Amino acid sequence: MNKDFVLKIEHSSKHFDAVKVFEGLSLRLNANEIVAILGPSGCGKSTLLRCIVGLEKADSGTILIAHQRGTESIGYLFQNPILYPHLNTAGNIALGFSERLTKQEKKNRIEQELISVELGGFETRAVESLSGGEAQRVALVRALLGDPKVLLLDEPFSALDLETRRSLAVQTRQWLKQRSIASIHVTHDPEEAELIADRVITWDSMIAVNEEE
Ligand code: ADP
Ligand code: MG
């Protein structure tokens, strides 16, 4: 198995004052691969994602991003979607564009993307009027438009009911695969992990794996 990696973490550790969050953590994410990380609340999943994207600095070890654009090629979807209330749905999505496009090209692209997440015609909807699942899909479209190489998903569906959560996991897998985006999906729900990922790993195994060298 000699696949190209998009992200490689080796022997990484992180603490906050006296609290050790993780130590000797290793993880490899291959191109186009979706990995789900399963771990209980408080084990350090969000801290790890924040270290990957550069919102926190790991104490030691290496975090390699195999792409010229570095952390710019990493998208991040938070647990609670962050949408700007002074912009409508289309306006929020437009913030995600990484390419230079004309106004008409943007309009067409937003229209197509909304249809692809089953929100066709939602352009002018106020974001406050969206349900949790709709708002999360809008945030997801915005993240996908940034054309990331890697998308970090931090329990993005955990606030939603079981049925919505599982169907969004299946759909998100399709959207990632269609666009050849690798992803780390963090969750505490084993079934959600199985639905979205090519490979499910437990938090503890990332720490044990590096003992092998
Ligand atoms: P998870 O996402 O797996 O629920 P977190 O990464 O949010 O876990 O938190 C891991 C541990 O680090 C927890 O004990 C949490 O209290 C602690 N922690 C997280 N962020 C900070 C911070 N900024 N300062 C101090 N402790 C923190
Ligand atoms: Mg968390």
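## Close-up views of a predicted model

View 1. Glu118 counts as exposed because its relative accessible area is 55%. Exposed means over 50% relative accessible area, buried under 20%, and partly exposed in between (1.4 Å probe, protein chains only). This model is predicted, so local features need pLDDT of at least 70 and side-chain atom pairs pLDDT 80 or more, while totals for chains, interfaces and linings use all residues. Residues are numbered from 1 along each chain as its sequence is written, chains are lettered from A and ligands numbered from 1 in the order written, and side-chain values use heavy atoms, without hydrogens and water. Glu118 sits in the loop between helix H3 (103-116) and H4. Helices (H or I, at least four residues) and strands (E, at least two) are DSSP runs, numbered from the N terminus. Glu118 is not a glycine, yet it has a positive phi of about 60 degrees. Most residues other than glycine have a negative phi.

**View 2. Glu155, a buried loop residue with positive phi.** Glu155 lies between strand S6 (150-154) and helix H5 (162-178), in the loop. Its phi is near 40 degrees, a positive value in a residue other than glycine. Is Glu155 buried or exposed? Glu155 is buried, because its relative accessibility is 10%.

View 3. Strand S1 (residues 5-16) runs antiparallel to S2, and 8 bridges join them. Two strands pair if DSSP finds at least two bridges between them. Leu7 stands opposite Leu29 in S2. The hairpin has 2 residues between the strands. Asp17 in this hairpin takes a positive phi near 45 degrees.

View 4. Ile34, Ala36 and Leu38 point one way from the strand. Val35 and Ile37 point the other way. Which strands pair with S3? One is strand S7 (residues 182-187), joined to S3 in parallel by 5 bridges. There, Leu38 faces Thr187 in S7. Another is strand S8 (residues 199-202), also parallel, with 4 bridges to S3. Here Ala36 stands opposite Val200 in S8.

View 5. Gly42 belongs to the loop between S3 and helix H1 (45-53). It counts as exposed because its relative accessibility is 76%. How far apart in space are the C-alpha atoms of Gly42 and Ser116? They are 34 Å apart, and the two residues are 74 residues apart in sequence.

**View 6. Two aromatic pairs.** The model holds 2 aromatic pairs. Rings of Phe, Tyr and Trp (its six-membered ring) pair if their centres lie within 6.5 Å; planes under 30 degrees apart are stacked, over 60 edge-to-face, and the rest tilted. The ring centres of Phe22 and Trp203 are 6.0 Å apart and their planes stand at 75 degrees, so this pair is edge-to-face. It links distant parts of the chain: Phe22 is in strand S2 (residues 19-30) and Trp203 in helix H7 (residues 203-209), 181 residues apart. Both Phe22 and Trp203 are buried. The rings of Tyr76 and Phe78 have centres 4.4 Å apart and planes at 10 degrees, so they are stacked. Tyr76 is buried, at 14% relative accessibility. Phe78 is partly exposed, at 33%.

**View 7. Gln136 and its contacts.** Gln136 is part of helix H4 (residues 132-145). It is buried because its relative accessibility is 2%. What does Gln136 contact, leaving aside neighbours within four places in sequence? Its partners are Leu77, Phe78, Gln79, Pro81, Pro156 and Phe157. Contact means heavy atoms within 4.5 Å.

**View 8. Ile93, buried in helix H2.** Ile93 is found in helix H2. Why does Ile93 count as buried? Its relative accessible area is 0%, so it is buried. Ile93 touches Ile110, Leu114, Val138, Val141, Arg142 and Leu145, not counting residues up to four places away in sequence. Pro148 is 55 residues away from Ile93 along the chain, and their C-alpha atoms are separated by 15 Å.

View 9. Tyr84 has its place in the loop between strand S5 (74-77) and helix H2 (89-94). Tyr84 is partly exposed, with a relative accessible area of 39%.
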